[in-house]
Amino acid sequence: MTRSWRARIERLIESVLFACAALSIVVTLGIISVLAVETLQFFREVSPVDFLFGTVWTPLFFQKSFGVLPLVSGTLLVSVIAMSVAGPAGLLTAIYLSEYAPARVRRVVKPILEVLAGVPTVVYGYFALLFVTPLLQQVIPGLSGFNALSPGLVMGIMILPMVSSLSEDALRGVPGGLREAAYALGATKMQTTLRVVLPAALSGISAAGILAVSRAIGETMIVTIAAGQQPRLTANPLVSIETMTAYIVQVSLGDTPTGTLAYRTIFAVGMLLFVSTFLLNLVSNWLRERFREEYA
Amino acid sequence: MNKEDRASSLPFISRPPGALFVLVLFAGLWACGGSGGEGAMSVITVDGSSTVFPIAEAVAEEYQLANPGTRVTVGVSGTGGGFKKFCAGEIDISDASRPIKDVEVAACAEAGIEFIELPIAYDGISVVTHPSNDWVGTLTPADLKRIWEPAAQGEITRWNQVKPGWPDQELRLFGPGVDSGTFDYFTQVIVGNEGASRGDFTSSEDDNVLVQGVSTDELAMGFFGYAYYEENQDRLNLVAIDDEDDANGAGAIEPSPDTVRDGTYQPLSRPVYIYVNPSALDRPEVAGFVGYFLNEGASLVREVGYVPLTDQEYALVEQRVEDRVTGTMYGHGNEMASLSSLLTGAGH
Amino acid sequence: MTRRLRNQLLDHLLHGAGLGATLLGLVVLGALLFDIFSDGLGRISWEFLTSFPSRRAENAGVYAALAGTVWVISLTALFAVPIGIGAAIYLEEYGKRGGWSRVIEINIANLAGVPSVIYGLLGLGLLVRTLALGRSVIAGAATLALLVLPVVILSSREALRAVSPSLREASYALGATKWQTIWYQVLPVALPGMLTGMILALSRAIGETAPLITIGALTYVPFAPDGLWSPFTVLPIQVFNWVSRPQEAFLENAAAGIIVLLALLLVMNGTAAWLRDRFQQ
């Protein structure tokens, strides 16, 4: 095997591998172009202002209205409920595992939390609709069968491991020296944790929280199964609503043909979803980088 | 240990070619075990109305059991959705809970797709509430119009706005979506204008979602095909409709196979149809399926909860298949005409 | 109360709150598993595993969905694994010089955070419509492959990074080229780690519902796929279909379907864990 032939093969292999890596760029471009093409077509028929600021979403009905705010409010309502569970509980879990728990406990608990994160979302949807909702209905009279509270709570549990594990990483990233200094001054664990470690880890923890919000916004099956299909602009968690993701699924179940306005609405909503999660992920990454810089 | 030894000390399965080979082999085994290796019969594609779905599903299941190797898929895109696909040539058979519309006829003509219109059963659209709902006794079409018309959007949002004596509670509505033939028919006969409806209710082309919604909410009301009520009687309350026309049954009538058949449940009784692509009938499995639909289908229609056509009507429908009669029987305002008159009159 | 006492009390309070929060997750997981198993365990039987969907809940089974899942996941692996490993090798071994590599890295990190339903829209717009693959097994597998690609790349990179540099250096010292080093030295050592990552990525793909619904996987498919262009359904979609039906018997089927799904995941994750332990070097 001559030297130059060998070298040519090496270069060929490198190009092939580069192509594999570059495929990811193609995917991103693909997502953006697919969404953008249909969304631009959509905006030719519906004004962006009406879309982004309108408060009535009846794109398929007699009196067509394309205001996306009801879907956004549905998404936000469920996400807020989810974060109000996952945020405090996740952070407390992280604090416990990082500062208080003995190694034995950590070894047992961490895999179990990973299991929580690995359960398919359709299973959580089943749980929300058939266990949590009836349970809540016994406690809250007038709770609809489809509502925002039940999937919100269940989603909170689903995201909890993500918040907890990322926050724990952030807490552990704080140098031990800071803690020891505090103990040397006579502080209790709680004082150390809350006044020294937590503030130091703040950007890492915020990054975790924002990533969790992004996950909550993009979640589909739990809300499709349990939250309902009635787009409405409300802050009431006890009635049925519809999220952006559930709308996309609803229309897709009917498999609307290409080229119709209805088909384009799912791409317009999808674009909004993509942009929001993308921005959130960007902020989260920036925060995490900043945290790493502080303590690297 | 030189490099060859090291590489081969790992088991076969964890080297890339080995793992992939096993995966593909696995898939192959599944494939052979699954369909029994029968090849060439094409898939019979059915899609459309959620109302007709229980019938189509039952027929598909029994047909496949009676004819192993045949394959039928049934979708639930709604009557409108089904027609869109049918006129795009994407499916063989379209389920419909209303006759084909003019614009759909035009779309099919433009695409060069013909259709054979086949009524297959009668349905009585059922209005339902939650079992614990004790204030709604009976309703008239005027009541229903008040609740569902476009003007009600944002205005009629509580029960006591429908009738003063009713509770001051939120009115939670569930109904089929805009692609649904049931939606089209209901708005046509109740509101007076096809497709004219309020937009602020839970709408879904999947009637199961509506059943779930109404059965778990004390303040809910909804409407859908009778089969869905029948299958869920223990969790739904049926509302009798008084069409204020003593000529066909005095007082409020509840939908049931009897009242639908003898025409006393009005105005919400209607035929439901399948539309078949004549070129698909050239495939023996499709022809067999349609034949099965019209013969054994009658008992399945009854089993599912709808009302079969009379034997005469089925015979006339089968004749349409044999003669490959294309085009719709409807138009020129004869929407409410009886099937017998349409089937004999339309002839060729 | 003295300040010291109060501080100790608050300390115990935080400890308790933390413990409580941790238990919350575990308790809910326990409730979920208990609920599902009590609803569905009775329904599991050989008949259930080998029957096709049916309108009669007692006769319905997951065979078509299981076969569909195996078909789709096998194809997904076929697509995602070579490309993912290739990309990881490039980024770890060849592309350390910044420029394009950095862009690709950031891009992959972002793709990992995109909601799965968006991948469904990509699949719908690109694969099903533009490339006219239809609602087929191959379209579903390609969509899922794109979804798990970032995860495969990230975990493969981890595995490659874990290989000690001295191994590579020794190989170069003996006169091997870059590719020879990678293929004969680095890859065999990194492979178990990569396999683990792959299996975890695939187990995520098995549970995915939204992207496949979006590209139009039908919910009533009473046969196993018989080719790349065949219509199909998968386990999570079958469960979703049964959950949507109000009758008790179908809800039992849904729970039983979930048990099958969880069992499948358990086997896959167990294999991954076993591999990780077995080849820990």
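How far apart do the C-alpha centres of domain 1 of chain C and domain 2 of chain C lie? Read on through the legends to find out.

This is a predicted model, in which local features need pLDDT of at least 70 and side-chain atom pairs count only at pLDDT 80 or more, while totals for chains, interfaces and linings use all residues. Residues are numbered from 1 along each chain as its sequence is written, and chains are lettered from A and ligands numbered from 1 in the order in which they are written.

**View 1. The two domains of chain C.** The C-alpha centres of domain 1 of chain C and domain 2 of chain C lie 32 Å apart. Domain 1 of chain C covers 3–43, and domain 2 of chain C covers 49–278; such bounds come from an automatic or database domain assignment. Where the two touch, six residues of domain 1 of chain C meet seven residues of domain 2 of chain C. Two residues are in contact if their C-beta atoms, placed from the backbone, lie within 7 Å. On the domain 1 side of this contact in chain C, you can find three nonpolar, one polar and two charged residues. Here Ala, Val, Leu, Ile, Met, Phe, Trp, Tyr, Cys and Pro count as nonpolar, Asp, Glu, Lys and Arg as charged, and the others, Gly among them, as polar.

**View 2. The two domains of chain A.** Chain A has its domain 1 at 3–44 and its domain 2 at 69–294. Their C-alpha centres lie 32 Å apart. Seven residues from domain 1 of chain A and seven residues from domain 2 of chain A form the contact. The domain 1 side of that contact in chain A holds four nonpolar, two polar and one charged residues.

**View 3. The fold of chain A.** Helices (H or I, at least four residues) and strands (E, at least two) are DSSP runs, numbered from the N terminus. Starting at the N terminus, the order in chain A is α-α-β-β-α-α-α-α-α-α-α-α-α-α. The C-alpha trace of chain A spans about 80 × 70 × 35 Å along its principal axes.

**View 4. Where chain A meets chain C.** Here 72 residues of chain A are in contact with 64 residues of chain C. Helix 1 (residues 3–45) of chain A gives the most to the chain A side, with 20 residues. Sorted by class, the chain A side that touches chain C has 46 nonpolar, 20 polar and six charged residues.
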